[in-house]
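Q: I am new to this structure. Please take me through a single part of it, closely and step by step.

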Amino acid sequence: MSTIVGDLARVRSAFRKPTLTLLARRKWAPLILAVFTSQFSRDRPRIPAEQFHAQVETLLDELRLAGEEVPDGTARDLCRGWVDGQWLSLSATEDDVEEYGLTSHAQEALGVIDRLDSDRLEFGESRIKTILETARRVATEANPDREERLRRLDEEIGRLTVERDRIAAGGDIQAATVEQMLDRYNNLNALLAALPGDFLRVSEAVKRIHRDIVAELRADQRRSGEVLDDYLRQADRLMQESQEGRAFTGAVDLLRDEVLMDDLSEDLDAILAHEFAERLTPAQRIELRRTVYGIHRGMDTVLAQRRRLSATLRTHMARHDPLRDRELDEALRVADTEMLRWMETAGPRARVPVDLGLAQVEIGHLRARLYDPQNDAPPPPLETHAGGEDTVDFDDVRKQGGPTLAALRAAIEEALGEYESVTAAEVFDALPDDLRRPVEILGLLHLSVIEAGAEPDPGDTAVFEAIRPGGDRRSFRAPNLLLTGVPSAGPDIPAAAADEESPR
């Protein structure tokens, strides 16, 4: 007989997991994953709840304007539904601020989308070499034969010695080409992209233990010592028997080695120094450079969840008084017995005298405020303005608004058309007076960094002479960026603020 019955059961079990549940939602799955992609990243793994609700509402409005169909309900309701589907996690910080974060299931779903959307081949030269090197290393570690281990070590030492002697004798060093480096970068980036999901799986396993332990403590059906022993057994089983726990334990031993992390940082700097890095976007370069920080943050996520669980147990053990709880239980049982005995002889409207231990205090009744529908009535509609002689000039309103990015782009293109390179301060000084408002400095810096790819140097600054709409002149000191390429049209995103130096 074939294994079809077992295979069908295994596939059904996989389809019940939240990852495939999300991907199987054919109507709204693309929208949900698009929201996750646009809002979460390696540098932004968690977002405050209220802020995320506002961002989701804005995204839904943009999709409606673009003619896209969006689900009904408020952003808050949608987000809560995504939490129920185990695609988003909702937790509180130490400051009691609720934050959303992607679960490991959502990370897996996004990984599937990235692989399906990518045009590159997964079996490039770098991927094949990684497979071969990993297989050889694993085979060496798996073989306990001493002679075989020595033979392999001698072969590796011999090969490296020959290469070292060749280079020391003046042999040519062939640097990797741009295409080869892109292939190796894609392979490395694929490995790094899997790390956040791996860390999240361990964190979610600890969170499940936390939830079960809290439920046990609140039920108070077992002694606290038994619950604590159960927690220790589950935590030990998670880290030693589960696949995620063993992987995390082994990873932590390596990640705590500061020498290895320093070497990784130097290797990443060397990779970004290659000319292929010019083909990467600024976001990709920043993300690769912050790899070590992202690894440490993922590890801290798991450790923080374990500390939260330990704090819950410590608080319960410190505040839980078994003697007082037994006295309260005994008092409630006595009250229940007396109440049953009293009900045998009490009539309808009979009152029970209750001694609260309060001397000379008589309590008649508590005032209650009934619900008034007017409290929730909407405000009256706004009055229609019939118009008048006072009108608002559009140019005056525009002068109080943000930077004129279209005009700034044109000015940068014109300057780069005359000169091979030009600084941001020179471009600003050549602008007409109506384009030299202080806010235009922000727009110019934004276009220079985000679109033209200028690299800011903290030590190189210049004074920008700005003219306010009223004619006042102000001096601002800001980074003096060097522009060498023509910017492309991009989103109008506010730039970072310049520092005001002195009034003029």
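Q: Take E440. Where is E440 placed, and which residues is E440 in contact with, leaving aside its neighbours within four places in sequence?

A: The model is predicted. E440 sits in helix α20, which covers residues 438-451. Its relative accessibility is 0%. Buried means under 20%, so E440 counts as buried.

Now the polar partners. The side chain of E440 reaches the backbone nitrogen of T404, at 3.0 Å. The side chain of E440 also makes a polar contact with the side chain of R437, at 2.6 Å.

Next, the wider surroundings. Set aside the neighbours within four places in sequence, and E440 is in contact with P403, T404, L408, F428 and L435. T404 is on that list, and its backbone nitrogen is what the E440 side chain reaches.

For another part of the model, turn to a helix pair. Helix α3 spans residues 29-39 and helix α4 spans residues 49-65. The two pack at an angle of about 125 degrees, with axes 11 Å apart. That angle makes α3 oblique to α4. The crossing of α3 past α4 is right-handed. On the α3 side, the residues that meet α4 are L31, V35, S38 and Q39. On the α4 side, they are F52, Q55, V56, L59, L60 and L63. By class, this contact has 7 nonpolar and 3 polar residues, and no charged ones.

Terms used. Residues numbered from 1 in each chain as written. Predicted model: local features only at pLDDT ≥ 70, side-chain atom pairs only at ≥ 80, totals over all residues. Heavy atoms only, no water. Axes fitted to C-alpha atoms, helices over the stretch in contact; angles between N-to-C directions. Helix = DSSP H or I, 4+ residues; strand = E, 2+ residues; numbered from the N terminus. Parallel < 35°, antiparallel > 145°, perpendicular 65-115°, else oblique. Left-handed = near helix turned anticlockwise from the far one by under 90°. Contact = heavy atoms within 4.5 Å. Nonpolar A, V, L, I, M, F, W, Y, C, P; charged D, E, K, R; others polar. Buried < 20%, exposed > 50% of the residue type's maximum accessible area, 1.4 Å probe, protein only. Polar contact = N/O pair within 3.5 Å; in protein donor to acceptor, adjacent residues only side chain to side chain.
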